[in-house]
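Look at the structure first, then read the points below.

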Amino acid sequence: MNEPFNFIYYFFNPHANSMFPAGKNMLDWSWKIFATFALLTGASTGLAFFQNRRSLLNNQRDAKNFRPGQRELFRTRANLILFSILITLSGLQLSAHLAYSRRNIVFHPRFYQIMAQSIVARFPGKHNAELITDLRPDIDPDAYFLKMFQYYLYPIDTNNIRSGNKDLLVILRCYGSPAGQQIPENYVIIYQPHPAVAVAVRMP
Amino acid sequence: MDFSLLFRLGLALIIPLLTGHAVISALFRRGPDRPGPFFILAMAYAMGCGLISLWFLFLGVAGLPFNNVYLVSLPPLLTGFLLRTLTPPLISPLKEDVRGPKTNWRRRAISATLILFIGTRFLLIWLDTLSKPLITWDALATWGLNAKVFFYEGSLFSLNIPHGSYPLLVPFSQTWIALHLGAWDDYLIKVFFPGIFLSYFIIQYHYLKKETGHFWALAGSCLLLSSNYYVFHVSAAYADIVISCYFCASILFLLSWRRNRHFSWLILAGFFSGFGAFTKLEGSAYLIIHSVILFDLLCRERNLRLKDKIYGFLAFAVPACSIAGSFHVYKMIVRAAKHPNELLVFSLDSLPEKSADFFQHFFEQLVYVENWNICWWIVPAYLLLFPDRIREDPRLRSILTTLALFGLFYLGAANLTGSYVYLGGENTAFVLPRILIHVFPLAPLFIALANGPKVKT
């Protein structure tokens with residue numbers, strides 16, 4: 001809570017569909033959503049009835065069925081209330097979006113992106129590479145980081161998209177021992193931008 | 001950003017505009033029914049992107065390299081202009097525009113606020129697009145990666161691309177921009193997404209302006225931008241926003257046909273429906289939804305002869321099925337492995353359980369305020385508030401039918417295919433909200449039309 005008006009960030013949550021934990025599972029909020037829905041609908045309908053109370057009380061016979069003019073009035077008021085809720089929420093969400101954009105105007109590249117781009121800069125052109133990594137493709141956020149690394153590494157292909165012999169070995173170790181200690185036999189490291197990342201080739 | 005890069009980016013945006021403009025101009029010749037210039041340009045960009053993607057597919061299937069910028073750019077442009085020159089003019093009288101309520105200072109003040117809201121949202125959309133590279137999951141794993149592969153390899157065959165059975169409009173459109181830039185740029189290739197959204201935004205505004213007047217057209221546009229989730233996806237580089245634009249634009253064109261019975265609208269709807277099928281796998285099912293809506297509209301037109309009804313249906317079906325069919329033929333040629341969602345796995349025992357799960361998650365997602373504001377709440381509320389109005393208005397009925405068919409399709413998909421895991425199972429939170437993006441623009445449309453002037457059946 002370092003920044004003022006921090007609550008506003010609640011109204012813009014762009015990570016709802018990313019592979020990072022979003023902070024809260026949207027499905028856990030379902031009962032609150034239904035409660036809010038019931039409350040707002042009840043309040044809007046109640047207010048519309050309240051505004052029509054005089055005509056309703058004066059016309060007991062028409063209390064169950066509105067007269068045409070009253071029905072229109074009721075609908076208009078109910079509609080107005082729904083729009084008031086919508087406009088309020090839109091205002092809050094726009095403020096949240098502005099706050100989010102202000103905080104994220106400068107993009108900070110992630111480690112995997114920087115490493116991949118550094119390898120591509122060092123080995124320009126098309127290459128087929130074998131990737132050895134301890135990132136697990138079946139769990140998050142490992143799977144996301146792996147996809148990011150492989151995407152930014154292209155045109156160095158580690159997805160077997162291209163057929164042909166592999167001329168590079170890329171090692172990415174994030175949890176275990178440094179990449180340099182995981183080199184298979186007959187391979188030699190030719191580039192290591194970070195202890196966790198290494199590029200090797202087979203010795204002639 | 002240097003001037004040369006800006007010029008190249010400009011070319012990447014202008015060539016689809018010109019190509020699409022030529023085709024749209026062939027459909028709507030000069031005359032009283034010709035839509036306004038902004039509307040034409042909006043349709044032209046979406047049309048141009050679709051046509052160029054099809055041209056990429058043709059080049060790829062023919063074994064020609066599509067990383068040659070001249071081979072990719074010139075033929076669609078020339079064909080468009082040839083088509084424009086050769087086709088006979090199609091003109092029919094246009095009915096009067098609907099005049100909205102009289103403007104007073106209060107309405108003018110509200111309109112100014114709405115314009116401010118729209119302007120700010122668009123500014124933020126472009127800021128989000130251009131300030132971040134591709135970082136979202138599907139963009140990195142499928143759409144962006146495939147586009148990058150096509151850019152570097154310049155061919156379709158002998159490649160083992162991820163999700164090889166997925167349609168190719170989105171990767172091709174990104175490849176197109178990169179080809180003109182001359183290098184792969186993780187920021188600038190994203191301009192395709194807000195570009196296509198802007199096209200749809202103008203199309204919807206124009207449609208609403210014709211039907212309800214300026215004020216409710218503005219309000220409907222604001223409602224479209226009032227959804228955080230939808231707005232976020234415009235810059236997320238996912239295919240969902242693209243299919244949403246093509247799907248809903250096609251519905252709008254079908255409804256526009258109902259207004260002035262000009263076959264050009266049906267041809268246009270057919271093209272856009274076909275492009276939807278070339279954007280995502282679901283697009284082929286949406287083509288069936290469009291066909292049902294058109295069939296319904298044609299059946300209700302008592303003044304139209306049977307022959308004209310058949311021609312009308314063909315005007316829609318021929319372009320739509322040709323485009324969708326060309327992709328499915330390509331899939332057969334390359335023998336693309338089927339996605340689990342396409343495989344039938346039906347069991348009668350699990351039918352009630354799966355249906356209940358689907359409905360629970362579907363309705364939970366619909367009322368999620370953080371994603372959709374209260375747009376999805378207002379639609380059922382209007383069913384209660386204005387039942388007569390909805391019963392009498394064919395446009396509102398068509399929109400509700402579309403939503404019902406959409407729900408039915410996914411209910412069927414959850415029960416009959418392997419996609420249950422995404423529609424009612426453990427991965428629902430990642431996929432189901434994105435599916436709702438496809439039809440979200442129909443909710444603001446419904447609200448704006450329900451508030452606008454009445455239309456006789």
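The model is predicted, so local features need pLDDT of at least 70 and side-chain atom pairs pLDDT 80 or more, while totals for chains, interfaces and linings use all residues. Residues are numbered from 1 along each chain, chains are lettered from A in the order written, and side-chain values use heavy atoms without hydrogens or water.

**Contact between chains A and B**
- The contact (heavy atoms within 4.5 Å) involves 52 residues from chain A and 63 residues from chain B.
- About 5400 Å² is buried between the two chains, 67% of it on carbon and sulfur atoms; buried area is the accessible area (1.4 Å probe) lost on putting two parts together, summed over both.
- Two salt bridges cross the interface, each a side-chain nitrogen of Lys or Arg within 4 Å of a carboxyl oxygen of Asp or Glu.
- A salt bridge joins K126(A) and E153(B), at 3.4 Å from N to O.

**Surface patch on chain B**
- L306(B), I310(B), Y311(B), L314(B) and V318(B) make up a nonpolar patch with about 500 Å² of accessible area together; patch residues have over 30% relative accessible area and no salt bridge, with nonpolar side chains joined within 5 Å.
- L314(B) belongs to helix α13 (residues 306-334).

Key: Patches are made of residues with over 30% relative accessible area and no salt bridge: like charges are joined within 9 Å, nonpolar side chains (Val, Leu, Ile, Met, Phe, Trp, Tyr) within 5 Å. Accessible areas come from the Shrake-Rupley method with a 1.4 Å probe; for residues, only the protein chains shown count as cover. Helices (H or I, at least four residues) and strands (E, at least two) are DSSP runs, numbered from the N terminus.
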